[in-house]
Amino acid sequence: MTELQDVMRDLLLRGEFSDMEILCEGSTFKVHQAIVCTQSSYFHSAICDGFKESTEKVINIHDDTPETIERVLSFLYLRDYSENEHICQYQPISELTNKESDSSISETEPEIPEPANQSAFNNIKVFIAADKYAIIPLKTLATSKFSRWANTNCGSPVFHKILEKVMTSVPPHETTLREVLADVLSRHIFDIMKDPEISHILDSFGCLGSLVITKLVSNELVKRPDESDIFQGLVRKINSSRHCRHCSKDFNVRIKNGEYLDQGFRCASCNTRN
């Protein structure tokens, strides 16, 4: 497997025997139809269904960054991608052509570190791209990486920005990342809700609030009250006072609707709640 990964990495890095190009913001990725099109129905349709791309074997990407495309291609070739850096160090291929040591992407040149917590944003971008290009296993991997970050960094000062990014950027039909966030919010509800930014986001996106409530119930973090305990408290309350606080008549207790749940009862004579 290690030798095979080395071969696949070399194919992506050097672009040898490439029969297809992906262009993104002035950068060119020389790739292979047998690897890319067999794992993505989006690329398969572009190359094989009679579009302009099927003749030129060139696909222009306008909605993603080269960094995101590199991560997508890393997965297609190597079944993984780097959240903060790049498995295949990203550089525009146009800058590297005619270099004797490498015709595409340098493996040895150090990369400038990305900002702290950038991995969460990168995983969101990869997830959105995987959904767009119909690469289901990549969506699963991006979800796993995002979930690990969210569970580890729920106290991060940028957590509310991650919430907002997911709610505003991920297509409405795809709820996977929202469910991850709802699960984290439900398990850390008391600490997280101290952040006014998160409260504001829940106000703005009611669907996220509904998911949080669902997670609270399904994770048994909120439970139905124990009715036996409630009735015992109600009996103690009734026995502690013989007369209505309003009409002073001897109690003839009336229990209305669900008032007993908070140990409330009414005087049968004047209907005053005691």
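**Exercise 1. In which sense do strands S1 and S3 pair, and over how many bridges? Then place the pair in its sheet.**

Step 1. Strand S1 covers residues 20–24. In this predicted model, S1 pairs with S3 in the parallel sense, over four bridges.

Step 2. Pick one bridge. Isoleucine 22 has isoleucine 59 of S3 as its bridge partner.

Step 3. Widen the view. Three strands make up an open sheet. Their order is S2-S1-S3, and the pairing is mixed.

Step 4. Find the edges. These are S2 (27–31) and S3 (58–61), each of which pairs on one side only. From one strand to the next, the twist averages 20 degrees.

**Exercise 2. Which lysine forms a salt bridge with glutamate 21? Classify both residues by accessibility.**

Step 1. The partner is lysine 30. The closest N and O atoms of the two are 2.8 Å apart.

Step 2. Glutamate 21 has 24% relative accessibility, so it counts as partly exposed.

Step 3. Lysine 30 has 32%, so partly exposed is the class here too.

**Exercise 3. Trace the salt bridges of lysine 139. What parts of the chain does its pair with glutamate 174 tie together?**

Step 1. Start with aspartate 131. Aspartate 131 forms a salt bridge with lysine 139, with the closest N and O atoms 3.1 Å apart.

Step 2. Turn to glutamate 174. Its side chain meets that of lysine 139 in a salt bridge, at 2.7 Å from N to O.

Step 3. Locate the two ends. Lysine 139 lies in helix H7 (residues 136–152). Glutamate 174 sits in the loop between helix H8 (159–169) and helix H9 (176–187). The pair therefore ties together parts that are 35 residues apart in sequence.

Step 4. Check burial. The cut-off is under 20% relative accessible area. Lysine 139, at 13%, therefore counts as buried. Glutamate 174, at 10%, is buried as well.

Step 5. Look beyond this residue. The structure holds nine salt bridges. Asp80, Glu83, Lys145 and Arg148 are linked in a network of them.

**Exercise 4. Are H7 and H9 roughly parallel or roughly antiparallel?**

Step 1. Decide what to look for. Two packed helices are described by the angle between their axes and the distance between the axes.

Step 2. Read off both. The axes of H7 and H9 come within 10 Å and cross at roughly 20 degrees.

Step 3. Apply the cut-off. Angles under 35 degrees count as roughly parallel. H7 is therefore roughly parallel to H9.

Step 4. H7 passes H9 in a right-handed crossing.

Step 5. Name the contact residues. H7 supplies Thr143, Phe146, Ser147, Ala150 and Asn151. H9 supplies Thr176, Leu177, Val180, Leu181, Val184 and Arg187.

Conventions
Residues numbered from 1 in each chain as written. Predicted model: local features only at pLDDT ≥ 70, side-chain atom pairs only at ≥ 80, totals over all residues. Heavy atoms only, no water. Salt bridge = Lys/Arg side-chain N within 4 Å of Asp/Glu carboxyl O. Buried < 20%, exposed > 50% of the residue type's maximum accessible area, 1.4 Å probe, protein only. Helix = DSSP H or I, 4+ residues; strand = E, 2+ residues; numbered from the N terminus. Pairing = 2+ DSSP bridges. Axes fitted to C-alpha atoms, helices over the stretch in contact; angles between N-to-C directions. Parallel < 35°, antiparallel > 145°, perpendicular 65-115°, else oblique. Left-handed = near helix turned anticlockwise from the far one by under 90°. Contact = heavy atoms within 4.5 Å.
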